[in-house]
Amino acid sequence: MTALLILASLYLLAALALILVIDRSVGILFPVSGKEAGATARPPHSDIAKQSPASR
């Protein structure tokens, strides 16, 4: 019975760690901080919006 409780607690800790890792990559509960967000921000695609179909 004790071994079952230990396995259950290890399973819950592993599930919590996996949830936190996935959430950090997606950013739903814990969004990235401002310092980290600047490194992952993409520049706007203004050159795509400027092109018209006639210019191609």
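I began with confidence: pLDDT is the predictor's confidence in each residue, from 0 to 100. The chain averages a pLDDT of 76, and 54% of its residues score at least 70.

I noted the conventions for this predicted model: local features need pLDDT of at least 70, side-chain atom pairs count only at pLDDT 80 or more, and totals for chains, interfaces and linings use all residues. Residues are numbered from 1 along each chain as its sequence is written, and side-chain values use heavy atoms, with hydrogens and water left out.

**Helices.** I took helices (H or I, at least four residues) and strands (E, at least two) as DSSP runs, numbered from the N terminus. I found three helices and zero strands, in the order α-α-α. Mean confidence is highest in H1, at 93, and lowest in H2 (residues 34–40), at 56.

**Helix H1.** The 25 residues should span 36 Å, and the end C-alpha atoms are 36 Å apart, which agrees. After H1 comes Gly27, with a positive phi near 85°.

**Exposure.** I counted residues as buried under 20% relative accessible area, exposed over 50% and partly exposed in between (1.4 Å probe, protein chains only). One of the 25 residues of H1 is buried, so this helix lies largely in the open. Across the chain, 2% of the 56 residues are buried.

**Surface.** I used accessible areas from the Shrake-Rupley method with a 1.4 Å probe, where for residues only the protein chains shown count as cover. The chain's total is about 5,300 Å², 72% of it belonging to carbon and sulfur atoms.

Methods:
Expected span 1.5 Å × (residues − 1).
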